[in-house]
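Dear colleague,

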Amino acid sequence: MSESHPSPLPTALVLDTSFLRTIGGTGSDSYQTFIEYVRSKDRELYLSRGVTEELNEQRGYISVDWVGRADTTEWITLVGEVQPGVRVHDGPRAGEVMDRVHERLAAFEQTNPDELRKTDSELPAVGVMLLGSTSHDSVGALMDDRNAERAIAGVIENSYYEGRIRVIDIWTAIEYMESQLG
């Protein structure tokens with residue numbers, strides 16, 4: 001499942017919509033801690049295509065325009081479509097990771113896989129792409145969704161990506177960030 005001690009947080013952080021919704025707006029302490037940590041510790045944030053679509057759909061419900069910020073800041077990057085054939089060393093291909101996570105998540109949610117959005121499933125696939133195309137040696141998927149956390153962790157466990165793609169829940173991340181900011 002999610003890590004209990006994410007020390008240190010990876011330099012690449014893929015954000016889920018659940019994380020962004022829970023963290024709140026500019027007036028919340030969690031948001032302020034998060035932004036201060038990201039800026040002071042040189043972390044890079046990534047928004048997947050699915051998260052970008054969800055944020056655009058929920059524009060009135062999430063107080064921060066994360067997609068707009070990606071256009072104006074260097075530390076938030078919008079990621080294009082998942083490239084299913086990308087793999088790192090002997091790890092499974094990004095598309096395989098995404099499909100396996102999607103199947104597990106559908107089972108956890110007791111939902112037909114065809115009716116379930118692939119937003120959560122694409123997060124570790126984006127992690128595979130970032131490991132293969134950037135200098136990051138690990139990627140953190142920040143979220144607030146227990147079923148998605150379990151599905152992702154179960155797929156990357158015992159693969160090349162274990163420890164390289166790390167699922168970190170919001171409160172563990174915020175607690176760690178607070179401890180580092182002192």
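Across which strands does helix α3 lie, and at about what angle does it run to β2? Helix α3, residues 49-57, lies across β1 (12-15), β2 and β3, and its direction makes about 75 degrees with β2. Helix α7 (residues 146-156) also packs on the sheet, where it touches β4 (139-143) and β5, and its direction is at about 160 degrees to that of β5. Please note that the model is a predicted one.

The sheet itself may be described next. It is open and has 5 strands in the order β3-β2-β1-β4-β5, paired in parallel. At its edges stand β3 (76-78) and β5 (165-169), each of which pairs on one side only. On average, and with direction ignored, neighbouring strands of this sheet are turned by 30 degrees against each other.

The pairings can be followed from strand to strand. Strand β2, which comprises residues 44-47, pairs with β3 in the parallel sense over 3 bridges, and Tyr 46 stands opposite Thr 77 in β3. Parallel pairing over 3 bridges also links β1 and β2; here Val 14 has Tyr 46 of β2 as its bridge partner. Strands β1 and β4 run parallel and are joined by 4 bridges, with Gly 140 in β4 as the bridge partner of Leu 13.

In a regular strand, side chains alternate between the two faces of the sheet. In β1, Ala 12 and Val 14 point one way while Leu 13 and Leu 15 point the other way, and all of them are buried.

Helix α3 also contributes buried residues, namely Gly 50, Val 51, Thr 52, Glu 54 and Leu 55. The buried residues of α3 pack against the strands β1, β2 and β3, and against α1 (17-23), α4 (66-72) and α6 (119-133).

On the α2 side the contact is made by Ser 30, Thr 33, Phe 34, Glu 36, Tyr 37 and Ser 40, and on the α8 side by Trp 171, Ile 174, Tyr 176, Met 177, Glu 178, Gln 180 and Leu 181. These residues divide into 7 nonpolar, 4 polar and 2 charged.

Leaving aside residues up to four places away in sequence, Thr 33 touches Ile 174, Met 177, Glu 178 and Leu 181. The C-alpha atoms of Thr 33 and Glu 175 are separated by 9.3 Å, although the two residues are 142 residues apart along the chain.

The other pair consists of helix α5 (residues 94-109) and α7, which pack at an angle of about 135 degrees with their axes 8 Å apart. That angle makes α5 oblique to α7, and the crossing of these two helices is right-handed. From α5, the residues Val 97, Arg 100, Val 101, Arg 104, Leu 105, Phe 108 and Glu 109 meet Asn 147, Ala 148, Arg 150, Ala 151, Ile 152, Gly 154 and Val 155 of α7. The residues of this contact comprise 8 nonpolar, 2 polar and 4 charged.

Definitions and conventions: Residues are numbered from 1 along each chain as its sequence is written. This is a predicted model: local features need pLDDT of at least 70, side-chain atom pairs count only at pLDDT 80 or more; totals for chains, interfaces and linings use all residues. Side-chain values use heavy atoms; hydrogens and water are left out. Two strands pair if DSSP finds at least two bridges between them. Axes are lines fitted to C-alpha atoms, for helices over the stretch in contact, and angles run from 0 to 180 degrees between N-to-C directions. Contact means heavy atoms within 4.5 Å. Ala, Val, Leu, Ile, Met, Phe, Trp, Tyr, Cys and Pro count as nonpolar, Asp, Glu, Lys and Arg as charged, and the others, Gly among them, as polar. Buried means under 20% relative accessible area, exposed over 50%, partly exposed in between (1.4 Å probe, protein chains only). Angles under 35 degrees count as roughly parallel, over 145 as roughly antiparallel, 65 to 115 as roughly perpendicular and the rest as oblique. A crossing is left-handed if the near helix is turned anticlockwise from the far one by less than a right angle, and right-handed if clockwise.
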